[in-house]
Amino acid sequence: MSKLLSNDISQAFQTPNHKAFIAFLTAGDPTADCTVNYILEMERAGADLIEIGIPFSDPTAEGVVIQDANIRALQGGMTTDGVFEIVRRVREKSQIRLAFMTYANPVFHYGCERFFARCEELGVSGIIVPDMPYEEKQEMEETADAHNVAVVSMIAPTSQERIQMIAREAKGFIYVVSSMGVTGVRSEINTDLEAMVKNIREVTDVPCAIGFGISTPEQALHMAQVSDGAIVGSAIVKIIARDGEQAGPAIYEYVRSMKEAVARA
């Protein structure tokens, strides 16, 4: 397994136009073998960073699509060690930048030091923890920093007074939440995201990518025009739910269309 030249997740934004397409899937849905293959397909289609969801029984930030994927993966026997094994297998073939999306419980249950040491060993550059408030991130971040893993800050539309406070300390990239509520495809996104990103830009040059609700190339283009990239999860997970172990070609075509849209921004 070759070692990444850099474990800096912000390097995912070093594309020709400095815009990144970030794709998400749930580890173990429908199988570990499929997850490895689908990550490689998404890289081949042009994804700049892939978020791997670690299945959890109570994913409070997720809508029904990703909740169901968590259930399928857990019923199939996926564990945190199993997720690390998926990453190890990906690393045999790919240097694509990877981040975990998970909750505080799986990390602390696994053991913070052990968890982030494994991340460093396997070249996982970042972690997104939706249920960990800004005020409590330090207890995880100290260990993550020691292992060169960025704890990615999330900034939501309700964070108006908190935006700059969170942004000042952000590392890697900032996950800008497009809409209130849980993850899931949305036909319209009405948040003033341009104003949110402008507010962030006043205090940091850490890249910003927008997620929650993005599913079409038109939405991805718009998000990349007002920020540094677009994050898509539920729309990909829906393809996997529909096509199961045969989802590879559809994932490739979908991610390629989304990456092409972001590249036009």
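Which residues do ring pairs link into a cluster?

1. Ring pairs join Phe 84, Phe 100, Tyr 110, Phe 115 and Phe 116 into a cluster. A pair here means Phe, Tyr or Trp rings (for Trp, the six-membered ring) with centres within 6.5 Å; planes under 30 degrees apart are stacked, over 60 edge-to-face, and the rest tilted. By this rule there are nine aromatic pairs.

2. Some ground rules: this is a predicted model, where local features need pLDDT of at least 70, side-chain atom pairs count only at pLDDT 80 or more, and totals for chains, interfaces and linings use all residues. Numbering runs from 1 along each chain as its sequence is written, and side-chain values use heavy atoms, with hydrogens and water left out.

3. Back to the pairs: Phe 56 and Tyr 103 are stacked, at 5.6 Å centre to centre and 25° between the planes. They tie together distant parts of the chain, 47 residues apart.

4. Then the charges over rings (NZ of Lys or CZ of Arg within 6 Å of the ring centre and within 35 degrees of the ring normal). Arg 114 has its charged end over the ring of Tyr 110, 3.8 Å from the centre. Tyr 252 has the charged end of Arg 44 over its ring, 4.1 Å from the centre.

Note on methods
Helix = DSSP H or I, 4+ residues; strand = E, 2+ residues; numbered from the N terminus.
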